[in-house]
Amino acid sequence: MSDVLQFPTTHMSEKARVIHNETSNLTDQTLSHIQQIQQHHASLPGSMQGPFGDFISILQQHMSNGQSLREQIGTLLGNAAHAASGTDGSIADSFTGFENSAPH
């Protein structure tokens, strides 16, 4: 019996795609919600618009940072899957021809 060790590259690649898709959906939803908030912002009395505008600005920055981080994680995971797949292939290729030559 031979134990084969491999990186879970298929799973890694799929998770990277899921992260990218979910981030794209989250970005669309966030933009829609912020537009709704901005519409309400315009209807506030003048004395409240400054502080509420500051809040919206901070919210947008934090949401953007979070979404950017998710995209980076998805990209890094996809790149890691690609690199791991190449490593698996290289290791397997380096053992070609040695399967039957091991001492028994």
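**Entry 1**

I looked up Glu-14 and found a relative accessible area of 39%, so I noted Glu-14 as partly exposed. The bands I used are under 20% relative accessible area for buried, over 50% for exposed and partly exposed in between, with a 1.4 Å probe and protein chains only. The model is predicted, so local features need pLDDT of at least 70 and side-chain atom pairs count only at pLDDT 80 or more, while totals for chains, interfaces and linings use all residues. Residues are numbered from 1 along each chain as its sequence is written, and side-chain values use heavy atoms, with hydrogens and water left out.

I then checked the partner of Glu-14, which is Arg-17, in a salt bridge whose closest N and O atoms are 3.1 Å apart. For a salt bridge I required a side-chain nitrogen of Lys or Arg within 4 Å of a carboxyl oxygen of Asp or Glu. Arg-17 is partly exposed, at 46% relative accessible area. Both residues sit in helix α1, three residues apart, about one turn of the helix.

**Entry 2: The other salt bridge**

How many salt bridges does a search of the whole structure find? I count two. Glu-22 bridges to Arg-70, with the closest N and O atoms 3.3 Å apart. This pair links distant parts of the chain, since Glu-22 is in helix α1 and Arg-70 is in helix α2, 48 residues apart. I read 41% relative accessibility for Glu-22, which counts as partly exposed. Arg-70 is also partly exposed, with a relative accessible area of 29%.

**Entry 3: The two helices**

I listed the secondary structure as two helices and zero strands. These elements are DSSP runs numbered from the N terminus, with helices (H or I) of at least four residues and strands (E) of at least two. Helix α1 covers residues 9-42, has 34 residues and reaches 49 Å from its first C-alpha to its last, close to the 50 Å expected at 1.5 Å a residue. The expected span is 1.5 Å times one less than the number of residues. Helix α2 has 49 residues and reaches 72 Å, close to the 72 Å expected.

**Entry 4: What is buried**

I found that buried residues make up 13% of the 104 residues in the chain. In α1 they include Met-12, Ala-16, Ile-19 and Ile-34, and α2 (46-94) is part of what covers the buried residues of α1. In α2 the buried residues are Ile-56, Gln-67, Gly-74, Ala-81, Ala-84 and Asp-88, and they pack against α1.

I followed Thr-9 of helix α1 as one case. At 14% relative accessibility, Thr-9 counts as buried. Leaving out residues up to four places away in sequence, Thr-9 touches Ala-81, Ala-84, Ser-85 and Asp-88, where contact means heavy atoms within 4.5 Å. The C-alpha atoms of Thr-9 and His-82 are 7.2 Å apart, although 73 residues separate the two in sequence. For the chain, I noted that 76% of contacts between residues at least 6 apart in sequence join residues at least 24 apart.

**Entry 5: Aromatic pair**

My search of the whole structure gave one aromatic pair. The rings of Phe-52 and Phe-55 have centres 5.8 Å apart and planes at 35°, so I recorded the pair as tilted. Rings of Phe, Tyr and Trp (its six-membered ring) pair if their centres lie within 6.5 Å; planes under 30 degrees apart count as stacked, over 60 as edge-to-face and the rest as tilted. Both residues lie in helix α2, three residues apart.
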